[in-house]
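Here's a walk through one protein model, taken a piece at a time. Have the viewer open and follow along.

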Amino acid sequence: MSMKKKFAALGIATILAAVSLTGCGSNKEEASNSPAASKPAATESASAPASESTDNAVKLTGDFEIQYFVGGYGDKWWKQVIADFKAANPDLNIKESAGPKINEQMKPRWIGGTPPDFVYIDGPELFNRQMVEDGQLLDLTDWISTATNADGEKIIDLMAQAPQQYDGGKIYDIPLVLNAWGIFWDKKLFADKGWEEPKDWASFLATSEKVKADGITPFIHTGKYPYYILRSLLYPAIVSANNNDINIIKDLSESKADAFGNPAVLAGLNQIVELRDKGFIDKASVQINHTDSQMLFLQHKDAFIPNGLWLPNEMSKDVPEGFDFGFIPSVTQAAGGKVIANTSTATVGIAAKAKNPEAAKAFLAFMFSKAQASQFAELSGAPSNIKGDISSSKAPNFVKDAAKFLTDSNTVVIPFFAFNQDVENAMYDATVALTISKITPEEWIERVSEVAKKVSK
């Protein structure tokens with residue numbers, strides 16, 4: 001797969017995100033997560049997915065446990081798809097282990113070798129590359145190459161973004177949803193103030209000057225979860241400085257220490273420094289979480305915020321009347337330069353020690369039907385990773401903005417690359433330190449390069 005592939009021909013389903021990445025919490029109560037009962041798993045093959053309309057569908061029996069994190073997009077879709085799957089497989093005993101803290105609660109079971117059968121890899125405490133390196137996920141390489149959904153279509157051909165391949169070209173997790181990172185603002189506020197909406201770095205800085213002069217802080221991010229500023233600002237900046245070549249992000253994700261010394265990395269870090277030195281970054285950012293930063297943004301304490309497409313839905317109960325989300329995937333490009341759209345996926349996988357892998361594969365296939373994709377959009381407010389146009393005249397402005405950019409042939413799309421956890425943590429810590437003048441960009445590079453060298457030995 002060419003990592004430079006554009007998504008220009010894809011519909012809105014390739015654009016929006018239902019991913020509620022690590023910081024995207026929910027206030028729903030956690031479901032019980034005690035270990036599943038020890039009934040024997042089904043022995044029948046489940047190479048074909050269960051389907052309500054197929055009289056001779058494979059019969060699935062036994063216990064089947066599903067772990068899913070409840071974040072910014074809630075659990076309505078999960079409840080519905082599990083109910084639909086149960087209706088198609090009445091002899092299957094399905095257990096849901098879910099909630100905003102489920103990953104933390106289930107961690108001892110993953111470590112102890114008694115994990116659930118199926119897992120949604122999203123939210124705190126779950127890292128797909130780490131799970132692969134720890135041998136926790138089932139190798140799906142052969143299965144996904146031929147697997148079909150309930151409609152009889154090959155799943156691999158329906159994906160807007162293909163599964164990540166790990167060492168040796170192996171596939172262990174399947175992207176279920178797709179997110180686009182970027183910069184948000186309130187269109188109504190900008191119109192009322194006469195501020196220009198950003199289209200590149202120069203216009204972003206010029207508007208930020210006007211915002212600051214008006215007594216509003218231009219930019220806020222969540223220092224508790226630094227990946228927001230990395231993925232919405234730094235990564236696009238690095239790609240722009242690298243002549244729009246996304247392979248530099250791939251090299252960074254593979255912990256190639258030399259890649260961190262690429263001049264494009266320094267150029268990207270210097271753009272963060274420019275924001276810092278101009279006094280554009282809210283000083284509260286360093287210690288607050290995602291929802292606190294989002295609340296300050298909604299209250300017009302800050303004009304811009306780096307975030308993912310789940311933001312409006314996650315904060316739906318707190319969005320002031322008349323607030324109109326503006327969105328652009330990147331602001332770091334030079335005038336006339338290409339927009340850089342950094343995407344990420346939330347994936348699903350099957351435990352290597354699953355007690356009912358047949359049911360898990362059938363459920364995975366069931367999820368990737370076009371009917372479920374449509375239902376996902378309806379219940380979560382954003383589409384899944386399945387290709388298809390689900391746009392409507394009622395789509396909010398930020399959706400239309402995302403569609404405009406991400407279907408543009410001039411947009412450079414960064415597919416999701418999973419980083420080594422230690423390297424990523426070093427990047428997080430160094431970035432926070434950089435935003436508050438504790439280190440220089442050169443020291444950022446030195447810090448992270450040293451960690452990359454250690455993990456790549």
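**A cavity and its lining**

Start with the second largest cavity, whose lining consists of Arg 231, Tyr 235, Ile 249, Asn 342, Thr 343, Ser 344, Ile 414, Pro 415, Phe 416, Phe 417, Phe 419 and Glu 424. A cavity here is a set of points, on a 1 Å grid over the protein atoms alone, where a 1.4 Å probe fits but cannot get out, and lining residues have an atom within 4 Å of a point. This one holds about 80 Å³ of space, and the count of cavities of 30 Å³ or more comes to two. Volume is the space filled by probe spheres set on the points, with grid points joined across faces, edges and corners.

Before going on, a word on the ground rules: this is a predicted model, where local features need pLDDT of at least 70, side-chain atom pairs count only at pLDDT 80 or more, and totals for chains, interfaces and linings use all residues. Residues are numbered from 1 along each chain as its sequence is written, and side-chain values use heavy atoms, leaving out hydrogens and water.

Back at the cavity, helix H8 (227-241) and strand S8 (340-350) each supply at least two lining residues, and S8 gives the most, with three. Helices (H or I, at least four residues) and strands (E, at least two) are DSSP runs, numbered from the N terminus. Sorted by class, the lining has seven nonpolar, three polar and two charged residues; Ala, Val, Leu, Ile, Met, Phe, Trp, Tyr, Cys and Pro count as nonpolar, Asp, Glu, Lys and Arg as charged, and the others, Gly among them, as polar.

Now for the aromatic rings. There are 29 aromatic pairs in the model, a pair being rings of Phe, Tyr or Trp (its six-membered ring) with centres within 6.5 Å; planes under 30 degrees apart are stacked, over 60 edge-to-face, the rest tilted. Take Phe 184 and Phe 325: their ring centres sit 6.1 Å apart with planes at 90°, so the pair is edge-to-face. It links distant parts of the chain, with Phe 184 in strand S4 (residues 173-186) and Phe 325 in strand S7 (residues 325-328), 141 residues apart. Phe 184 is buried at 0% relative accessibility, and Phe 325 is buried too, at 7%. (Buried means under 20% relative accessible area, exposed over 50%, partly exposed in between, with a 1.4 Å probe and protein chains only.) Elsewhere, ring pairs link Trp 185, Phe 190, Trp 195, Trp 201, Phe 204, Phe 219 and Phe 304 into a cluster.

Conventions: On a 1 Å grid over the protein atoms alone, a cavity is a set of points where a 1.4 Å probe fits but cannot get out, and a pocket is an open set with protein on both sides within 12 Å along at least five of seven lines; lining residues have an atom within 4 Å of a point.
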